[in-house]
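Biologist: Hi, could you walk me through this model? I'd like to start with the overall picture and then look at a detail.

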Amino acid sequence: MRRKHTTGHPVAGALFVLPFFLVVLAFLVVPLGYAFWLSLSSKSLALGERFTGFANYTRAFTDPVLLDGVGRVVVFGAVQIPVMLGIALAGALTLDAVTTRFAIAFRLIAFMPYAVPAVLGALMWGFLYSRTFGPFAGLPAVVGGEPVDFFSADLLLLSLGNIVTWAWTGYNTIVLYSALQGVPRETYEAALIDGASQVQIAVRIKVPAIRQAIGLAAIFTVIGTMQFFVEPYVMSRFAPQISAGYTPNLYAYNQAFAYSDFHYSAAISFALGFVVFVAAYAFVLLTRKRGRS
């Protein structure tokens, strides 16, 4: 009889995976648990720290400053997300159609803004938007117009949206371009033989083929938009209209580090996480229903 040789080593496998779980436990699970515990308590000079249950969450969902910030981010995302994904899709289709030796250079140029740290990118655009020495603000003066105030209340959201679009469009472009590389080229050749133009191939073959990649990019973009923080935080140095509650993340940050209300800040963060989860899940359900219909 032959002996059955077992190749599985559960103990050795567990030892290899153990460092990963320890890191996740130490730097994700424990901090989240502690933050959630903070959100369920409050601290005051008179009563000290005490357990208050979901009182901070009730306060968060009825806080007019927080709700105003959420509404502002929703309006911002409703305009910025379709614009950015539309540009990214157009860029991906263009890169997929480019067959010259400069295609690699085009992909590198498209991805470069994403490689720039968000803080540096925001500071750079703060310089470009400046009315005193920025190159963009003085362009109307060439034809006799007044300098443009990109930090005014009417243009501020558009200015911030331009920064986010500049930073993230290249990333989404490469994601969609990578998805296009998985589409069989025989499909394009068959369409060309049938007399389809490049535009018809792009609209009727390429875009439907990468629908799942577009949905995934949209989900990540929705999550990133709801966590809008770096750009308004940096731009608050140039734009006094950006208040402490301009966005939900900025409001949570100021509650913790400007007003030392860590308990309420933790509740805002978890409440925002819940809203982001609901929004992403609703988007997934909506796209699935559209895909089946």
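Modeller: Happy to! The chain has a radius of gyration of 25 Å, whereas a compact globule of 293 residues would be near 19 Å. Keep in mind that this is a predicted model.

Biologist: What does the C-alpha trace span along its principal axes?

Modeller: The spans are about 95 × 80 × 35 Å.

Biologist: And how much of the chain is buried?

Modeller: Buried residues are 33% of the 293 in the chain. The chain exposes about 18300 Å², and 69% of that comes from carbon and sulfur atoms.

Biologist: Switching topic, how many helices and strands are there?

Modeller: The chain has 12 helices and 2 strands. Along the sequence the order is α-β-β-α-α-α-α-α-α-α-α-α-α-α.

Biologist: What share of the contacts with a separation of 6 or more is between residues 24 or more positions apart?

Modeller: That share is 64%.

Biologist: Now the detail: how do α3 and α8 pack?

Modeller: Helix α3 covers residues 64–97 and helix α8 covers residues 198–209; their axes are 12 Å apart, at an angle of about 100°. Angles from 65 to 115 degrees count as roughly perpendicular, so α3 and α8 are roughly perpendicular to each other.

Biologist: Which residues make that contact?

Modeller: From α3 there are Leu89, Leu93 and Asp96, and these meet Ala202, Lys206 and Val207 of α8.

Conventions
Residues are numbered from 1 along each chain as its sequence is written. This is a predicted model: local features need pLDDT of at least 70, side-chain atom pairs count only at pLDDT 80 or more; totals for chains, interfaces and linings use all residues. Side-chain values use heavy atoms; hydrogens and water are left out. Axes are lines fitted to C-alpha atoms, for helices over the stretch in contact, and angles run from 0 to 180 degrees between N-to-C directions. Helices (H or I, at least four residues) and strands (E, at least two) are DSSP runs, numbered from the N terminus. Angles under 35 degrees count as roughly parallel, over 145 as roughly antiparallel, 65 to 115 as roughly perpendicular and the rest as oblique. Contact means heavy atoms within 4.5 Å. The radius of gyration is taken over C-alpha atoms; the globule rule is 2.2 Å times the number of residues to the power 0.38. Buried means under 20% relative accessible area, exposed over 50%, partly exposed in between (1.4 Å probe, protein chains only). Accessible areas come from the Shrake-Rupley method with a 1.4 Å probe; for residues, only the protein chains shown count as cover.
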